[in-house]
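Hi,

Here is the structure I said I would pass on. Have a look at it, and then read my notes below.

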Amino acid sequence: MAGDPASPPGPTHSPRPCPICRRPSSARNHPFCTPRCADVDLHRWLVGSYAVAAEEEDAPSEDDEAGSTG
Ligand SMILES: [Zn+2]
């Protein structure tokens with residue numbers, strides 16, 4: 001007779017932690033734990049967007065490793 005291995009008492013699904021502070025996210029502020037963290041993420045996103053857009057201004061020049069003796 002083999003007894004069925006009872007599953008350990010715990011959450012069936014693993015809730016993802018807050019990407020900002022790694023704290024257990026709240027259903028109300030999913031996937032963040034608090035509206036504050038949600039704001040932080042939004043801010044980062046905006047800043048990153050601007051940074052990327054401003055970077056493609058002029059192409060980088062590969063003018064290195066020049067054998068110059070003098
Ligand atoms: Zn958080």
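Contacts first: of those in the protein chain with a separation of 6 or more, 0% are between residues 24 or more positions apart. Keep in mind that this is a predicted model. The protein chain has one helix and zero strands, and the helix, α1, covers 35-55. Of the 70 residues in the protein chain, buried ones make up 6%.

Let me start with Arg-16. Which residues does Arg-16 contact once its neighbours within four places in sequence are left aside? They are Ser-25 and Pro-31. Is Arg-16 buried or exposed? Exposed, because it has 11 other C-beta atoms within 10 Å, and the cut-off for that class is 12 or fewer.

Pro-31, one of those contacts of Arg-16, has something else to check: the peptide bond that joins His-30 to Pro-31 is cis, with omega at about 0°. Most peptide bonds are trans, as you know.

Next, Cys-21. Not counting residues up to four places away in sequence, Cys-21 touches two cysteines, Cys-33 and Cys-37. Going by C-alpha atoms, Cys-21 and Thr-34 are separated by 9.9 Å and lie 13 residues apart along the chain. Cys-21 counts as partly exposed because 14 other C-beta atoms fall within 10 Å, and that class lies in between 12 or fewer (exposed) and 20 or more (buried).

Then there is Arg-22. Most residues other than glycine have a negative phi. Arg-22 has 10 other C-beta atoms within 10 Å, so it is exposed.

Cheers

Conventions: Residues numbered from 1 in each chain as written. Predicted model: local features only at pLDDT ≥ 70, side-chain atom pairs only at ≥ 80, totals over all residues. Helix = DSSP H or I, 4+ residues; strand = E, 2+ residues; numbered from the N terminus. Contact = placed C-beta atoms within 7 Å.
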